[in-house]
Amino acid sequence: MIDLPEGKLFVGGAWEEGTGPEITSIFPADGSVNRVLRGASQADGLRAIERARAAQADPAWRNLKAHERAKYLYAIADGIEANADRISFIQTRDTGKTLKETKALAMSAAGTFRYFGAVLETSDEALTVQRGDAMTLSVYEPLGLVGAITPWNSPIASDAQKVAPALAAGNAVLLKPASWSPLVSLELARIVEAAGLPKGLFSVLPGAGREIGNLLVDHPDIARVSFTGGTTTGRQLARQAAEKLMPVSLELGGKSPTIVFADADIDQAIAGVLFGIFSSTGQSCIAGARLFVERPIYDQFVSRLVEVTKRLKVGNPFEADTQVAPLIHFDHRESVAEHVEAARADGGEILCGGRMPEGADYAKGAYYLPTIIAGLPNTARMCREEVFGPVLAVLPFDSEEDVIAQSNDNSYGLALGLWTKDFPKAWRVGRAISTGTVWVNTYKQFSISTPFGGEKDSGIGREKGREGMRAYMAQKSIYTDLSGKPHPWALPAMEGAA
Ligand code: NAD
């Protein structure tokens with residue numbers, strides 16, 4: 001049996017009881033309580049900021065050579081890998097995600113730290129082209145203190161995506177995980193501490209958005225906030241950031257289209273569409289939640305999709321064959337169910353799911369059946385609003401132009417999946433749709449070296465990739481005189497003077 005983290009906060013390198021409002025982590029498969037802990041108050045946050053400021057300004061950190069700083073990132077990566085089973089268990093308890101998925105997320109977080117260590121060691125600064133008698137350089141400095149605010153759906157992976165590049169860049173990082181999933185981020189703190197990172201450079205401050213989240217955005221010493229979460233929160237945060245002219249990166253929501261053309265490999269399309277919407281129980285920003293099927297194959301494709309969906313294994317996240325685990329929380333299930341009821345009221349036809357599963361195995365958990373809804377236009381609420389659950393809207397389309405127009409007629413622009421054997425068509429359609437990521441004949445594939453982010457209401461900025469580290473740095477230009485002479489502008493006044 002693996003122990004869950006105790007529930008103390010990691011405040012600038014010290015384990016302390018929080019003094020903010022209480023938060024409760026539950027295991028959503030049966031509602032049992034994992035931990036009740038006191039979240040971070042503003043006072044806790046202020047202590048963390050003070051310690052971060054001192055640690056970040058310390059030459060022992062600030063002046064580390066790139067290859068020396070990278071060693072900390074490699075040590076954290078090793079620590080995550082060595083503790084992958086433990087992290088996986090904690091995250092499954094905290095979020096209800098399947099053990100298989102949480103293990104993959106842990107390994108991906110380790111890879112992220114290792115990648116940004118390598119980026120740090122291999123990034124160049126530039127000798128720029130000279131236009132006068134000065135050598136010109138473009139170099140990068142750390143920003144100082146970075147706030148990282150993450151959601152509950154893939155905590156260890158989204159934490160790593162912010163913490164690794166921000167530390168690599170030489171900053172101190174204050175991480176605020178979501179209140180429903182505080183435990184795995186506290187476990188990350190334990191690993192970072194064991195890796196020997198100087199105290200103060202990293203804090204983990206779970207707690208309420210309005211309390212500790214706001215502090216991280218508003219405090220004058222925080223130089224950048226990297227946020228992943230809902231569009232409404234992101235918009236509010238951007239307003240606050242504008243007030244102090246602080247850069248923010250925003251990874252927000254989505255209502256991503258998946259498109260199946262009549263010439264697609266049907267098995268590949270069925271598997272990809274189902275994985276795109278129902279893995280992670282649909283709690284994924286990139287969930288392919290609007291499916292467009294070309295009209296000649298629409299009836300046949302949708303009926304097979306429904307048949308396979310009904311056979312998906314809904315169950316306890318600790319069971320090896322579970323494909324669809326419970327939702328994160330009972331409140332979230334209520335919100336998913338409300339969206340489905342609204343779709344029903346709008347005239348949607350529920351082809352499968354649309355309710356909680358029956359039976360003793362499910363009675364205590366926040367389960368909801370994979371749901372497919374037909375008969376709604378692309379303008380319906382179900383096709384516009386993010387549900388963040390296992391709910392798929394299916395629609396027919398008639399032509400390339402039609403599906404491009406319908407896909408783009410949405411406020412979000414995060415991801416797109418399309419299935420066809422015609423590569424030039426995939427190229428045309430992929431380029432014409434407003435989206436941060438395109439998957440052709442696959443879905444939810446990721447590489448840390450490939451940038452990720454959204455268009456329109458899905459966000460601002462990109463994470464991952466070599467440039468991911470630069471987002472946490474300030475560019476500085478340095479001119480150094482090579483002429484060895486006084487500036488001619490001052491010479492007339494200087495002549496004859498003492
Ligand atoms: P959320 O917006 O409610 O919360 C995200 C984080 O912001 C949490 O830590 C929360 O406590 C904090 N927060 C809330 N109010 C705040 C405030 N006023 N100031 C500062 N921080 C505040 O989102 P959620 O429900 O935790 O997560 C689900 C959302 O996240 C979905 O919309 C999903 O699409 C999005 N998401 C996006 C990506 C992406 O990369 N684009 C990835 C995962 C999740």
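Colleague: Which residues come nearest to the ligand?
Modeller: Of the 25 residues around the ligand, the nearest are Thr150, Lys176, Thr233, Leu252 and Glu386; a residue is near if one of its heavy atoms lies within 4 Å of the molecule. Keep in mind that this is a predicted model, where local features need pLDDT of at least 70, side-chain atom pairs count only at pLDDT 80 or more, and totals for chains, interfaces and linings use all residues. Residues are numbered from 1 along each chain as its sequence is written, and side-chain values use heavy atoms, with hydrogens and water left out.

Colleague: How do the residues of that shell divide into nonpolar, polar and charged?
Modeller: There are 12 nonpolar, 10 polar and 3 charged residues. Here Ala, Val, Leu, Ile, Met, Phe, Trp, Tyr, Cys and Pro count as nonpolar, Asp, Glu, Lys and Arg as charged, and the others, Gly among them, as polar.

Colleague: And which element gives the largest share of the shell?
Modeller: That is H8, with 3 residues. Helix H8 (209-218), strand S10 (222-228) and helix H9 (231-243) each supply at least two; helices (H or I, at least four residues) and strands (E, at least two) are DSSP runs, numbered from the N terminus. Domain 1 (9-251 + 466-478) and domain 2 (257-440) each give the shell at least three residues, with bounds from an automatic or database domain assignment.

Colleague: How far is the ligand oxygen from the polar backbone atom of Gly230?
Modeller: The distance is 2.8 Å. For Gly229, a backbone N or O atom lies 3.3 Å from a ligand oxygen, and a side-chain N or O atom of Trp152 is 3.0 Å from one. The protein buries 83% of the 850 Å² that the ligand exposes when taken alone (Shrake-Rupley method, 1.4 Å probe).

Colleague: Switching topic: is Glu16 buried or exposed?
Modeller: Glu16 is buried, because its relative accessibility is 17% and buried means under 20% (exposed is over 50%, partly exposed in between; 1.4 Å probe, protein chains only). Glu16 sits in strand S2 (residues 14-16).

Colleague: What does its side chain make a polar contact with?
Modeller: The Glu16 side chain pairs with the Arg47 side chain at 2.6 Å. A polar contact is a pair of N or O atoms within 3.5 Å; within protein, one must be able to donate a hydrogen and the other to accept it, and residues adjacent in sequence count only if both atoms are side-chain atoms.
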